[in-house]
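Subject: the model, and what turned up in it

Hi,

Here is the structure to look through. Have it open while you read, and my notes follow below.

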Amino acid sequence: MASIHNDIPLPASAHDVWDAVRDFGALHQRLVPGFVTACTLDGDARIVTFANGSVAREVLVDCDDARQRLVYAINNERLKHYSASVQVIADGERRSRLVWIIDMLPNELAPYVQGQTKDAVIAMQKAFPAAAA
């Protein structure tokens, strides 16, 4: 099983980053604008449209405010298994880390997903720009 790890430092408080992560239906507005162009809620899932035109149905598995951790899964014809967790960790008062781990099958799709996560990280960093000194 492929496992993709992203440990993303962000120049924003853990509270602010977690507030954006847990806003499950606002992915395209708050967490990764530009990378995700639309997001609509459908029960316990969100239908996500990516900038490259692909669409995914991401099911909310868990949203744990105490641990600032959100877990979602994708189940479709291309992916045999896809589970992802996003956890926000404080790094002082004004900085945080977002740890995003994806476990997936088939392994052959991992390079594509890894490339997509790199684009998502860039969008995330733009969503939380460093404050002017």
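Let's begin with a term: a salt bridge is a side-chain nitrogen of Lys or Arg within 4 Å of a carboxyl oxygen of Asp or Glu. Before we use it, note that this is a predicted model, where local features need pLDDT of at least 70 and side-chain atom pairs count only at pLDDT 80 or more, while totals for chains, interfaces and linings use all residues. Residues are numbered from 1 along each chain as its sequence is written, and side-chain values use heavy atoms, with hydrogens and water left out.

**Salt bridges**

The structure holds seven of them. One of these joins Asp7 and Arg97, with the closest N and O atoms 2.9 Å apart. Asp7 sits in strand β1 (residues 2–10) and Arg97 in strand β7 (residues 96–105), so this pair ties together parts that are 90 residues apart in sequence. (Helices, H or I with at least four residues, and strands, E with at least two, are DSSP runs numbered from the N terminus.)

How open are the two to the outside? Asp7 is partly exposed at 46% relative accessibility, and Arg97 is partly exposed at 30%. Here buried means under 20% relative accessible area, exposed means over 50%, and partly exposed is in between (1.4 Å probe, protein chains only).

Arg30 has a salt bridge to Asp19 (2.7 Å, N to O). Arg30 is in helix α2 (residues 27–31) and Asp19 in helix α1 (residues 14–22), so they link parts 11 residues apart in sequence. Arg30 also forms a salt bridge with Asp23, at 3.0 Å between the closest N and O atoms. Shared partners make Asp19, Asp23 and Arg30 one network.

**Strands and hairpins**

Strands β2 (residues 36–42) and β3 (residues 45–50) run antiparallel, joined by six bridges; strands count as paired if DSSP finds at least two bridges between them. Ala38 has Thr49 in β3 as its bridge partner. The two strands form a hairpin with two residues between them, and Gly43 in the turn has a positive phi of about 65 degrees.

β3 also pairs with β4 (residues 55–64), antiparallel again, over five bridges. In this hairpin four residues lie between the strands, and Gly53 in the turn has a positive phi of about 95 degrees.

**Glu58**

Which strand holds Glu58? It's β4. Glu58 is buried, at 5% relative accessible area. Its side chain makes a polar contact with the side chain of Arg46 (2.7 Å); that term means a pair of N or O atoms within 3.5 Å, where, within protein, one must be able to donate a hydrogen and the other to accept it, and residues adjacent in sequence count only if both atoms are side-chain atoms.
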